[in-house]
Amino acid sequence: MSVLLAVDGDSFAHRAYHGLPKSVRLNAIVGWTNMMTRLWQVERPDAVLVGWDTLEVPTYRHAAYEAYQSGRVFEESLLEQLALMPALSHALGFTVGKGAGYEADDFLAAAAQEWPGSVLVATSDRDAYQLVSDRVTILAPTRGVSEIVRIGPAEVRERYGVEPGQVTDLIALRGDPSDKLPGARGIGPKKAAELLAQYGTLEDVLAAGRFVAEAEDLRLFRRIAQMDASAPLPPLEPKTPTWAEASSFAKELGLPQLAERLASVA
């Protein structure tokens, strides 16, 4: 069965930026490219999709809930590098998912729905657990990408106490501090999982008369947490990475050592 590697580009770029010293020129680009190279060498997928945020344009999530992701400030150096990284992804021969109004993980959801074979979703974002199935596995990096934890349905149940299909309902109930979603008042992760074990879905919880005053807010939080699989995907097809082209791109950026590493992979 053919394998697609779908990568949250922003998640890995932030990891690279904070994982390498600022004294390293274009540290996010260097670290991200090394991560992607190692990941490809380990997994040997038939195709690679990299999803990117479009930071300049708000998404429907921001429009629907003003506090969504509020207070996030990115350093100028990181923003400058993020602007270059979709072009670097193209140079590597990867398919790029990026579009105004969509987040990187929306393209991961679209790719997981579209690809007929196995899908490996590489991300640090646990919201992606909602995509897990017998066909879709999360690759969660723990140390750079030198250590990868594989998350399947059993691991979602073990970590969250719910099925993958209940993850968005869980997020709505327990909240998500990183996205500034408060959740239901007085409900933490354990209680949220217990409610879903008892009732099945958020709608069933609400139908039982729980959280009447908060019902519309909770539905909104679930909608915000839901990855949008309708994100406009370019065609996904098996393709070998173009390491030599990426090496030339790195050379143009003034990164001779990275260029050499990419050329050696080619």
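1. Is Phe221 buried or exposed? Phe221 counts as buried, at 4% relative accessibility. Buried means under 20% relative accessible area, exposed means over 50%, and partly exposed is in between, using a 1.4 Å probe and protein chains only.

2. A word on the basis. This is a predicted model, where local features need pLDDT of at least 70, side-chain atom pairs count only at pLDDT 80 or more, and totals for chains, interfaces and linings use all residues. Residues are numbered from 1 along each chain as its sequence is written, and side-chain values use heavy atoms, with hydrogens and water left out.

3. Next, the aromatic rings. A pair of aromatic rings is described by the distance of the centres and the angle of the planes. Rings of Phe, Tyr and Trp (its six-membered ring) pair if their centres lie within 6.5 Å; planes under 30 degrees apart are stacked, over 60 edge-to-face, and the rest tilted. By this rule there are five aromatic pairs. In one of them, the centres of Tyr65 and Phe221 are 5.4 Å apart and the planes stand at 70°, so the pair is edge-to-face. The pair links distant parts of the chain, 156 residues apart. Tyr65 is in the loop between helix H3 (60-64) and helix H4 (76-91), and Phe221 is in helix H10 (residues 215-225). Helices (H or I, at least four residues) and strands (E, at least two) are DSSP runs, numbered from the N terminus. Tyr65 is buried, at 18% relative accessibility.

4. Helix H7 (residues 167-174) and H10 pack at about 130°, with axes 8 Å apart. H7 is therefore oblique to H10. Axes are lines fitted to C-alpha atoms, for helices over the stretch in contact, and angles run from 0 to 180 degrees between N-to-C directions. Under 35 degrees is roughly parallel, over 145 roughly antiparallel, 65 to 115 roughly perpendicular, and the rest oblique. Ile171 and Leu173 are among the H7 residues that meet H10, where the partners include Leu218 and Phe221. Contact means heavy atoms within 4.5 Å.

5. Now a second ring pair. Tyr129 and Tyr160 have ring centres 5.3 Å apart and planes at 45°, so this pair is tilted. Tyr129 is in the loop between strand S4 (118-122) and strand S5 (136-143), and Tyr160 is in helix H6 (residues 153-160), 31 residues apart. Tyr129 is buried at 2% relative accessible area. Tyr160 is buried at 14%.

6. The charged end of Arg174 sits over the Tyr160 ring, 5.5 Å from its centre. The rule asks for NZ of Lys or CZ of Arg within 6 Å of the ring centre and within 35 degrees of the ring normal. Arg126 is in contact with Arg159 and Tyr160, leaving aside neighbours within four places in sequence. Arg126 lies in the loop between S4 and S5. Arg126 is partly exposed, with a relative accessible area of 47%.

7. Helix H2 (residues 27-43) and helix H12 (residues 256-265) pack at about 15°, with axes 11 Å apart. That makes H2 roughly parallel to H12. Residues of H2 including Ile29 and Val30 meet residues of H12 including Leu258 and Leu262.

8. Two loop residues deserve a look. Leu26, in the loop between helix H1 (9-19) and H2, has a positive phi near 50°. Arg44, in the loop between H2 and strand S2 (47-51), also has a positive phi near 50°.
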